[in-house]
Amino acid sequence: MAELELIAAIERMLRVRGDALLRGPGDDAAVVRAAGGVAVTSIDAMVEDVHFKLSTHSPGDVGHRALAAALSDLAAMGARPGEAYVALGLPPGFGEKAALELVQAMEELAERTGTTIAGGDVVSAPQLLVSVTVTGWADGEDSLVYRDGVRPGDLIGVTGELGASATALKLLDSDPSAGGPLVDRHRRPEPRLDAGLALAAAGVSAMIDVSDGVATDARHLAERSEVAIAIELERLPLAEGVTDVKLAATGGEDFELLFSAPPERRAQVEAAAGVTWIGVASEGSGLSLVDVSGQPLDLRGYEHA
């Protein structure tokens with residue numbers, strides 16, 4: 001299918017949600033009615049053989065994961081989802097059917113999350129590339145949650161369960177046909193948008209999504225906030241079927257939310273979302289990960305080159 005025909009087919013697939021979008025695909029740029037307050041924008045890109053393999057991920061998996069990863073950044077800020085803009089780099093032989101499957105999976109996730117795919121681009125590329133820019137909305141700057149808000153004495157918590165994605169990757173490396181709940185969660189993660197909004201309203205002081213692993217993302221919180229954070233590995237909530245706590249601490253792409261909260265907000269936070277308390281912040285600097293005996297371990301999550 002020619003580029004213009006593919007773009008037209010994609011445009012027919014997409015639906016508008018809400019009344020913010022005034023002009024979407026079909027013009028040179030999208031036009032969005034300001035929703036009041038502030039806009040929150042993030043961009044995420046996934047590249048074949050770096051972030052996924054087509055031998056283990058369907059085109060639909062790739063599309064879903066790309067949009068989910070970008071929306072997860074909005075969840076970590078406590079923002080409402082709004083619009084998404086998608087750039088596709090399609091390699092030779094990828095084909096119309098695969099391209100439309102990829103976009104259809106994105107559109108299905110967009111529908112569940114109240115997101116409108118408002119525009120994008122399609123180009124040729126040597127390997128599959130999916131770049132997603134998302135814009136979310138908030139009533140004001142003070143209603144958002146940032147990485148630099150951790151204070152000494154804050155409790156450190158995390159939503160959901162950890163280790164599913166990293167464990168699934170190991171399974172897929174040994175058997176590309178592997179399936180099951182862990183693999184499903186890796187291929188089709190769900191951004192914690194509702195939890196992010198609820199935690200922000202409950203008064204958490206800082207937040208980040210677990211994209212690179214707790215061992216890296218908690219370090220980001222500590223460094224940005226200029227505090228020390230200590231996490232007890234035995235407290236990490238492991239997904240069913242995950243047995244390696246170190247892998248759960250270092251593996252990325254769980255897309256849960258890691259956050260801090262003042263002790264006096266503990267009850268409100270627990271009422272807002274399913275959370276597990278895994279550590280505490282104090283005066284000082286850096287991250288300490290300790291095992292069941294209290295011994296510190298030098299663990300690192302994913303580090304971007």
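Guide: Strands here are DSSP runs of E with at least two residues, and helices are runs of H or I with at least four; both are numbered from the N terminus. This is a predicted model, so local features need pLDDT of at least 70 and side-chain atom pairs need pLDDT 80 or more, while totals for chains, interfaces and linings use all residues. Residues are numbered from 1 along each chain as its sequence is written, and side-chain values use heavy atoms, without hydrogens or water.

Start with L155. It lies in strand β7, residues 155–159. Its relative accessible area is 17%, so L155 is buried. Buried means under 20%, exposed over 50%, and partly exposed in between, with a 1.4 Å probe and protein chains only. Contact means heavy atoms within 4.5 Å. Beyond its neighbours within four places in sequence, L155 touches F259, S260, A261, P263, R266, W277 and G279. G284 is 129 residues from L155 in sequence and 15 Å from it in space, C-alpha to C-alpha.

Now follow the contact from L155 to S260. S260 sits in strand β10, residues 257–261. S260 has 0% relative accessibility, so it counts as buried. Outside the four places on either side in sequence, S260 is in contact with V150, D154, L155, I156, V204, S205 and A206.

One of these partners deserves a second look. The side chains of S260 and S205 make a polar contact at 2.6 Å. A polar contact is a pair of N or O atoms within 3.5 Å; within protein, one must be able to donate a hydrogen and the other to accept it, and residues adjacent in sequence count only if both atoms are side-chain atoms.
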